[in-house]
Amino acid sequence: MFSSSSLPIQPLCIRIIQPSNLIKRMSVTLQCPGYPEDTLRSLAERLPCRETQLATLLALMGQPDQYSYPSVFIYGHRATGKSHVVLSIMKDLELPHASVDCVECVSSGLLFHQVLSAFFGPDAAALLPRCPSLSDFVRLYKQMSSNSPATQTRYIILDRAERMRDMDFSLLPALLRLQELVNDNVTVILLSEIVWEKFRPNTGCFEPLLFHFPDYSKAELVQILSWDHHPSYTPELYASYINILLGVFFSVCRDLRELRHLAVLNFSKFCEPLEKGEAKESDIHKLWKNIEPHLQRAMQTVYLREVSSVQWEQQQMDEKEATTLRVLSAHAHIELPYYSKFLLIAAYLASFNPARTDRRFFLKSHGKIRKTNFLKKHEKTSNHLLGPKPFPLDRLMAIFYSVVDSRVAPTASVFSQISSLVTLQLLSQVGHDDQLDSPKYKCSVSLDFILAISRCVCVCVRLLDLLALSLVIQSQVVRQERSLFTAVSNLHLL
Amino acid sequence: MSKRRSLTEAQCVSLAQKLLRERLCHQKLPDRPLALDSQYKHLLELLRRTAVHGESNSVLIVGPRGSGKTMLLGCVLRELMSLKEAQKNVLLVELNGLLQTDDKIALKEITRQLHLENVVGDKVFGSFAENLAFLLEALKKGDKSSSRPVVFVLDEFDLFAHHKNQTLLYNLLDVSQSAQTPVAVLGLTCRLDVLELLEKRVKSRFSHRQIHLFSSLSFAQYVDAVRAQLSLPPDFPDPKFSDAWNHSSYTQSLFPLSAFTAGIFKPIHLFLSVSRVSVSHSTLHEADLLEASRLISADSKAIILHGLSILELCLIIAMKHLNDTYDGEPFNFQMVHNEFKKFIQRKSHSIHKFEKPVVMKAFEHLLQLELVRPVDSGVCKVQREYQLMRLMLEHGQVMEALQRYPQCPTDVKQWALSAFA
């Protein structure tokens with residue numbers, strides 16, 4: 001019996017559960033003298049689709065006692081295996097290395113501490129003064145390495161190296177030429193997502209060797225994702241599931257980690273018809289029809305992290321009993337008091353309509369409709385593309401009174417709802433806090449949200465839907481203004 | 001007669017790699033730097049005058065990165081220390097602008113390297129003012145005849161000029177101008193305008209002696225220099241192997257390389273080619289050098305564009321169109337989304353409509369890759385969708401990336417090529 005809640009999210013380190021016939025593994029003969037052959041072979045097996053990069057890295061590193069280039073910069077997209085390959089090489093071949101994640105190093109002292117303790121033990125790291133400078137680090141390193149010189153190349157691996165740009169300005173150039181400064185057989189490997197041109201300091205520095213880890217192609221992604229198939233089902237079924245998943249998600253996301261997470265979360269739903277007995281393993285079309293809307297919904301919720309994975313799994317369990325498809329959205333859960341909804345709608349209209357048009361839209365008798373150009377030249381592209389404009393409180397209240405369907409007295413409860421909206425960050429206050437007589441606000445929600453809440457308000461506010469829509473149209477097509485005017489004036493006369 | 005056991009091919013290759021790697025990476029000093037004879041003689045003469053005759057001097061060695069400044073200095077110092085009179089006398093203090101980022105740290109380092117009395121073990125006692133006074137006192141007490149000459153080497157000299165008040169530079173150059181301990185101040189820098197960084201009082205104490213290192217080699221000299229770097233020494237244990245190695249022909253491939261290397265002493269290409277040598281491939285070929293230069297000259301941004309998803313690529317094309325239409329003015333996410341929607345509605349067959357949050361997530365991925373940057377980084381009082389951004393790619397890069405993109409749908413390509421979207 002296969003239950004969804006017991007499926008754990010697997011850690012990133014990919015382990016082979018069983019070799020499958022589907023995957024043709026390349027027989028790579030890694031020629032690298034100085035390292036044991038069988039270790040190299042097992043290493044190559046653990047790094048699928050990365051055999052070329054492994055071979056090049058080993059060629060660059062050379063034999064353990066030879067010198068290697070002082071600094072290497074490895075770049076590539078997220079989840080392309082950069083850290084995994086480098087750290088696997090270091091661990092399996094048992095090379096002396098210090099692996100530091102630059103996100104953890106809020107100060108450079110932490111970096112120095114980690115490097116020294118990895119190479120020379122914690123006693124050496126304890127010799128560092130309180131706030132160590134780069135000078136202290138280099139001096140101490142020289143001292144320690146003269147006591148115990150390097151028989152093999154030492155490697156310093158700096159992950160997420162883009163954070164180093166925000167640390168001391170001399171840290172990056174100094175680490176790039178560390179081999180020369182400490183006169184020892186040490187190589188610094190930088191791993192990053194961002195290209196080298198963004199790292200280079202103003203006056204230049206020692207250029208590292210650039211090495212690119214290419215992204216996985218679709219076929220390679222299928223190959224890698226097929227490796228963690230569930231033992232109760234055949235690998236072919238899992239491979240076809242992965243193909244369906246990639247068909248939905250590949251054009252949006254090519255990140256291996258995300259795809260793996262989505263694959264694990266949705267597999268139980270995919271297997272539902274098989275469990276219930278409604279379909280066999282070869283009925284791919286039926287299984288596809290079952291899973292495809294589910295994956296589309298996953299794209300709108302779990303992929304965007306609007307819903308956590310636990311909530312998603314819980315939903316799947318609930319749906320097994322009920323058969324309705326519920327649309328999840330974070331916005332649907334916001335509950336606002338009655339007048340706050342009108343205030344928000346009024347704020348949206350105030351932000352996106354120029355003030356000149358208020359008369360025409362909101363007054364019942366606005367006189368003749370003139371044929372002048374509705375929007376001024378500079379406003380033609382502006383409204384919905386440049387963002388909301390600030391409006392004073394008086395204008396908001398004026399629009400509010402004309403929009404709300406019953407008579408509302410200007411009591412404190414109405415005004416306090418405005419400040420609640422500001423606290424909820426649905427409105428934002430523009431200008432100084434202590435401007436008490438005419439505060440200015442801006443609407444910070446989108447049209448979709450306004451339409452969603454206007455549907456919750458009672459039916460006669462349909463006209464507001466139309467108004468909101470008309471604002472969308474007007475900013476794009478100006479020539480239809482006359483018909484627009486007649487439509488709006490007809491609404492008011494209703 | 002000693003019988004030499006002939007080494008196997010693998011051992012030869014391994015030994016050759018070891019030698020060359022040490023020469024290229026560890027940058028062992030050559031016997032004599034190539035094509036820098038006049039500069040070498042000049043510098044050696046200056047230092048000899050300080051060391052032997054007790055004359056104070058200051059000189060700046062200026063040259064672009066990779067032109068051999070540190071190497072030149074290393075060779076000169078090595079020869080200087082081999083002179084009998086200098087060997088026992090000269091004190092050497094080496095400072096680096098990257099490491100000694102502050103005058104305090106620099107002063108402590110000088111005191112430590114000179115082994116003055118306020119150093120115990122490794123720790124330097126006293127405050128900055130006390131250390132400075134002590135050092136100057138120690139330096140001032142001497143004179144030409146009785147005290148030992150000191151050579152100060154300041155690497156990354158331009159960084160010292162950014163310290164507060166340029167105290168260290170002022171004091172060192174002051175000592176070098178007055179008749180006290182013979183002192184030689186050598187600065188190495190890559191900036192040609194380094195003198196403008198100095199304050200007036202510091203500049204006037206400097207002797208304005210500059211040694212420039214610009215590589216002015218003809219192609220034949222360049223080829224000779226590279227061959228010298230890559231050839232195995234005559235005492236290599238297997239003479240047949242070293243003969244085959246030294247006579248392998250790769251001269252033709254050096255012509256494109258010579259165009260964009262700063263100097264012959266920047267050995268990335270050579271290192272890459274050497275690393276490809278293995279047992280199956282035991283001499284250096286032209287293909288190795290060409291492959292190395294191809295790897296080095298690759299455009300990394302275009303390579304990164306290869307790994308983007310289709311949605312992200314469409315966003316980049318939309319931004320490119322906005323740039324073309326509005327002449328490079330900054331845009332925001334709302335405008336990009338608008339362009340993308342227009343494409344979906346009118347021209348696209350293969351890409352279906354994505355929800356706005358999904359498009360926003362793709363846009364944020366581009367932000368994280370720094371292909372798009374906000375105009376005013378930091379202050380964001382504006383909502384995320386309306387914050388103004390700029391595209392960090394050029395028209396040509398985008399088009400080139402499109403050509404290489406795997407399985408790019410034709411309607412996307414046509415959209416990119418159309419002049420008015």
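1. UniProt positions are quoted in the numbering used here, with shortened feature names, and such annotations may be inferred rather than shown by experiment. With that in mind, the unreviewed UniProt entry places "domain: Orc1-like AAA ATPase" on residues 46–189 of chain A. The C-alpha atoms at the ends of residues 46–189 of chain A are 21 Å apart, and the span is 46% helix and 14% strand. Helices (H or I, at least four residues) and strands (E, at least two) are DSSP runs, numbered from the N terminus.

2. A friendly reminder on the basis: this is a predicted model, where local features need pLDDT of at least 70, side-chain atom pairs count only at pLDDT 80 or more, and totals for chains, interfaces and linings use all residues. Residues are numbered from 1 along each chain as its sequence is written, chains are lettered from A and ligands numbered from 1 in the order in which they are written, and side-chain values use heavy atoms, leaving out hydrogens and water.

3. UniProt also lists "domain: ORC5 lid" (unreviewed entry) for residues 238–305 of chain A. Here the end C-alpha atoms are 25 Å apart, with 74% helix and 0% strand in the span.

4. Now the interface: 61 residues of chain B are in contact (heavy atoms within 4.5 Å) with 68 residues of chain A. Together the two chains bury about 5500 Å², 56% of it on carbon and sulfur atoms; buried area is the accessible area (1.4 Å probe) that two parts lose on being put together, summed over both. Leu98(B), Leu99(B) and Lys361(B) supply 11% of the area that chain B buries against chain A, more than any other three residues.

5. The rule finds three salt bridges across the interface of chain B and chain A, each a side-chain nitrogen of Lys or Arg within 4 Å of a carboxyl oxygen of Asp or Glu. Asp65(A) forms a salt bridge with Lys18(B), with 3.6 Å between the closest N and O atoms.
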